[in-house]
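Please look over the following structure with its sequence. The paragraphs after it go from the whole chain to single residues.

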Amino acid sequence: MATSVAGEGQTSLNGIISDPQTKKLTDLPTELLEHILCFPVLKHVDICNVSCCCKRLHDVCHGRGKVWGHQYKLRWPRLQRFYRQNESCDWLKEYKTRHRVGIQIRRTVESISKRFFTEVPCVGQVLGDSFAEIESLGMPEHFCEDELLFILNSDKRKSLTLKYYAKKILYFLRQQNILRSLKTFLEQPAEQQSSIEGAVLVDQYCNPLADVSLDSISAQVDEITEKVKKMLRIKNPSHPSLRMAQGDCLVVEDFDLQRQVVCALNSVLYEQLQYKGNEFDYYNPLNSYIHQVLLRHTGIPISLSVLYMTLARKLGVQLEPVNFPNHFLLRWCQKPRGSEDIYDFVYIDAFGKGKQLTAKECEYLIGHQVTADYYSAISTTEVLLRMVGNLLNIGKRGEGNEKSYQLLRDSLDLYLTINPDNVQYLLLQARLYFHLGIWPEKVLDILQHIQALDPSQHGAVGYLVQHTLEHIQHKKHPVTPEVKKRTAPEHLEVQYSVGLIMKHKRSGYNCVIYGWDPKCTMSQEWITTMRVHQLSNGANQPFYNVLVQDGTCRYAAQENLEPHSAPLEIGHPEVGRYFSEFADNHYVANEELQTRYPEDMNETLGTVQELYHRLTPGSGTQVQPPASDQNNHQAMAM
């Protein structure tokens, strides 16, 4: 790196006499050397090489200096938020730690597919041993998350299997952090618990990959508050709520002034911002997530009530949540504090555009009378239980797909974190895990807890214990998966191969093949229910496992499928479990799927070449795939 020019008295090639003093790069000031070494084209390897040249450059590239700080921030920009501006830090040490974590995380993610391809992935069960290795590195947890995000944000169409498991791991890690935050929240005194903060935690747990934070939700709520104040200022410029700053706990005592706040709140929320109850899609889980309520201006009674109550309290009006059956309400006391007479309250229906009701009118909402207990105010913890209970019921109503099972699992986790000794839901969680065939060791722990809480459940517990132990025993002696070769005599009728993007002739859905059988392998009951006998070839034809664009998995007869004329990516959450890449017009099977179907990859490439890459003679246009025979038979839904 140290370079010199012509010596004393020598003339350079251009005829100019050089400076008699030899000049070196290392003679430059430290600030200038740092500036040069921070040039964007230089990578960490270059800096390592430079620092080995001489002591001077080694000192310039010291761990706490500007050069390694620049390298760290250049490579991992998302981590900058974890450091204070101008913080003195050993950047070289941070760089090495983050680099080691990245390598270990990638090894862990890559190993999961090989170990758990044949099972329903349950990340909590999968990660036990793997993450013990990562934790032994003693690194900050956000390094793990940053590497997982780095994997997820890489080339969209490549490394699909790596991304599939990276996403599951990130989902699990974030949920564990949120559960810890929820437990801390529940340990606070009841009067310090905020319904909006609890709603955010529920939202975050069910949507751990979404960008939801208490700060962002609070900022949006504050924005609505300012709109209400603006409306209030027009009505009453001297209103005490206008003098309230953020964080103030002022309570407006005068009832006329409270009514002005409620009136302004209704005007802004329902007329100006057009918030409304979602009557047409009531059981959509998005109605329960506070960030979606703020985004879509739509919700159900409890989510709209939490927003309404939070806004009112910010303006000095104390409203209380009421756990009314089938329709969550708020109550607003019209008498001096301390009254518990249900007729001393006005009840506000946030779902019904802030309509104010008497106790008797509340009963008209549900069509029957209720006791006075149902008009009582409830705690923040009870609000969260009601909110999570709604999500749990939506999960139960689901169609039995991955999405509904995930919602059911998430809502059960939340409910049992808030109320860990609820036998009914503990039993439901054990049955769900047993049904999905995941985490049998955890199922046994749950069943043991149920037995301790309620010995009368011994019948249900005993049945599940017996079959769970059988499952564990079965896992110790796994059956080697069948390898299906297309050249086998019994497979000669199979026309299509894994990775091909297909269209269902009758139902019109797009899908990708991830498995096949030479004949229908479903039970006779399924064959009868699905009316397979009405097909021209019945059950005696190849059937294909397909991932459908709508997120479902189906089992379709060969005569009902045809190659797609213009193949596109299939937006199914399980694509990465089976495929490593989308290659313009087909999917490339990952190693595990190729092991199961060793001859399909070549078949897929040949089919793709024939269908999409042939050119007509003398022209540059592609030949469209041949149209398959028309067929009017019903789709085979899994």
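**From the chain to its residues**

Among contacts in the chain between residues at least 6 apart in sequence, 61% join residues at least 24 apart. The model is a predicted one. Its secondary structure comprises 24 helices and 13 strands. The chain has 638 residues, of which 47% count as buried.

Helix 19 spans residues 440-453 and helix 20 spans residues 458-476; their axes come within 10 Å and cross at roughly 160 degrees. Angles over 145 degrees count as roughly antiparallel, so helix 19 is roughly antiparallel to helix 20. The crossing of helix 19 past helix 20 is left-handed. On the side of helix 19, the residues that meet helix 20 are Pro-440, Glu-441, Val-443, Leu-444, Leu-447, Ile-450 and Gln-451. Their counterparts in helix 20 include Val-461, Leu-464, Val-465, Leu-469 and Ile-472, and among them are also His-458, Thr-468, His-471 and Lys-475.

Backbone angles come next. Which phi does His-297 have, although it is not a glycine? The phi of His-297 is positive, at about 55 degrees. His-297 sits in the loop between helix 13 (290-296) and strand 2 (298-299). Its relative accessibility is 22%; buried would require under 20%, so His-297 counts as partly exposed.

Arg-531 is another non-glycine residue with a positive phi, again of about 55 degrees. This arginine is found in the loop that lies between helix 21 (524-529) and strand 9 (543-548). With a relative accessible area of 41%, Arg-531 is partly exposed.

The cysteines remain. A disulfide is a covalent bond between the sulfur atoms of two cysteines. How many disulfides does the count come to? With a cut-off of 2.5 Å between cysteine sulfur atoms, the count is zero. Cys-53 illustrates this: the nearest cysteine sulfur belongs to Cys-54 and is 6.2 Å away, so by the 2.5 Å limit Cys-53 is in no disulfide. Is Cys-53 buried or partly exposed? Its relative accessibility is 43%, and Cys-53 therefore counts as partly exposed. Cys-206, at 8% relative accessibility, counts as buried because that value is under 20%.

Definitions and conventions:
Residues are numbered from 1 along each chain as its sequence is written. This is a predicted model: local features need pLDDT of at least 70, side-chain atom pairs count only at pLDDT 80 or more; totals for chains, interfaces and linings use all residues. Side-chain values use heavy atoms; hydrogens and water are left out. Helices (H or I, at least four residues) and strands (E, at least two) are DSSP runs, numbered from the N terminus. Buried means under 20% relative accessible area, exposed over 50%, partly exposed in between (1.4 Å probe, protein chains only). Contact means heavy atoms within 4.5 Å. Axes are lines fitted to C-alpha atoms, for helices over the stretch in contact, and angles run from 0 to 180 degrees between N-to-C directions. Angles under 35 degrees count as roughly parallel, over 145 as roughly antiparallel, 65 to 115 as roughly perpendicular and the rest as oblique. A crossing is left-handed if the near helix is turned anticlockwise from the far one by less than a right angle, and right-handed if clockwise.
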